[in-house]
Amino acid sequence: MKPKNTICLWFDKDAHEAARFYAATFPDSKVTAVHKAPGDYPGGKAGEAFSFQIATDNQEQTDRYWSAIVGNGGQESACGWCKDRWGLSWQITPRALTDALAAGGAEAKRAFEAMMPMKKIDIATIEAARRG
């Protein structure tokens, strides 16, 4: 069973150390993946990332969660990030994007570059970039 919600915290450094600490501190917690940003992003350089992330299976789910958070007094941000009306940051992340970035190499770089100008993630655009 794939988790629907993932806590993903963003670090400029020491992400591995912090993730291991949190997993050791909280019962039934574990680090299941580490993803490094494959390129520069607004306000930062390629490197480590770790936030509240909602994994979606299709564009309909992506649109629904995005609209629920942003449309209820929230605010859009870049690259699938948004804030709810209470100021909490969320990532509405299609599994298609996660899979593309996890593929590594040129495929991940193309998907990452396609994602950069997006606010809400468009799965069709990510999949087209992934194919090259």
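What percentage of the 132 residues in the chain do buried residues make up? Buried residues account for 36% of the 132 residues in the chain, where buried denotes under 20% relative accessible area, exposed over 50%, and partly exposed in between (1.4 Å probe, protein chains only). This is a predicted model, in which local features need pLDDT of at least 70 and side-chain atom pairs count only at pLDDT 80 or more, while totals for chains, interfaces and linings use all residues. Residues are numbered from 1 along each chain as its sequence is written, and side-chain values use heavy atoms, with hydrogens and water left out.

**Overall architecture**

- The chain contains five helices and seven strands; helices (H or I, at least four residues) and strands (E, at least two) are DSSP runs, numbered from the N terminus.
- Read from the N terminus, the order of elements is β-α-β-β-β-α-β-β-β-α-α-α.

**Packing of α3 against α4**

- Helix α3 (residues 95–102) packs with helix α4 (residues 105–115) at an angle of about 135 degrees, and their axes are 7 Å apart.
- Axes are lines fitted to C-alpha atoms, for helices over the stretch in contact, and angles run from 0 to 180 degrees between N-to-C directions.
- Helices α3 and α4 are therefore oblique to each other, given that angles under 35 degrees count as roughly parallel, over 145 as roughly antiparallel, 65 to 115 as roughly perpendicular and the rest as oblique.
- Leu97, Ala100 and Leu101 of α3 make the contact with Glu107, Ala108, Ala111, Phe112 and Met115 of α4, contact meaning heavy atoms within 4.5 Å.
- The residues of this contact comprise seven nonpolar, no polar and one charged; Ala, Val, Leu, Ile, Met, Phe, Trp, Tyr, Cys and Pro count as nonpolar, Asp, Glu, Lys and Arg as charged, and the others, Gly among them, as polar.

**Burial in α3 and α5**

- Arg95, Leu97 and Ala100 are buried in α3.
- The buried residues of α3 pack against β4 (52–56), β7, α4 and α5.
- In helix α5 (residues 123–131), the buried residues are Ile123, Ile126 and Ala129.
- Viewed down the axis of α5, these buried residues fall within an arc of 130 degrees, so they line one face of the helix; the arc is that of the directions from the helix axis to the C-beta atoms.
- Ala124 and Arg131 are exposed on the other side of α5.
- The cover over the buried residues of α5 includes α2 (59–70), β7 (89–94), α3 and α4.

- Ala106 lies in helix α4 and is partly exposed, at 48% relative accessibility.
- Ala106 and Arg130 are 24 residues apart along the chain, and their C-alpha atoms are separated by 8.5 Å.
- Ala128 is located in helix α5 and is partly exposed, at 35% relative accessibility.
- Between Ala128 and Arg110, 18 residues apart along the chain, the C-alpha separation is 9.2 Å.

- Arg20 belongs to helix α1 (residues 15–25) and is exposed, with a relative accessible area of 55%.
- Arg20 and Lys30 are 10 residues apart in sequence, with a C-alpha to C-alpha distance of 7.9 Å.
- Ser29 is in the loop between α1 and β2 (36–37) and is partly exposed, with a relative accessible area of 34%.
- Ser29 and Ala19 are 10 residues apart in sequence, and 9.9 Å separates them C-alpha to C-alpha.

**Backbone with positive phi**

- Most residues other than glycine have a negative phi.
- Cys79 has a positive phi of about 60 degrees although it is not a glycine.
- Cys79 sits in the loop between β5 (75–76) and β6 (81–83) and is buried, with a relative accessible area of 13%.
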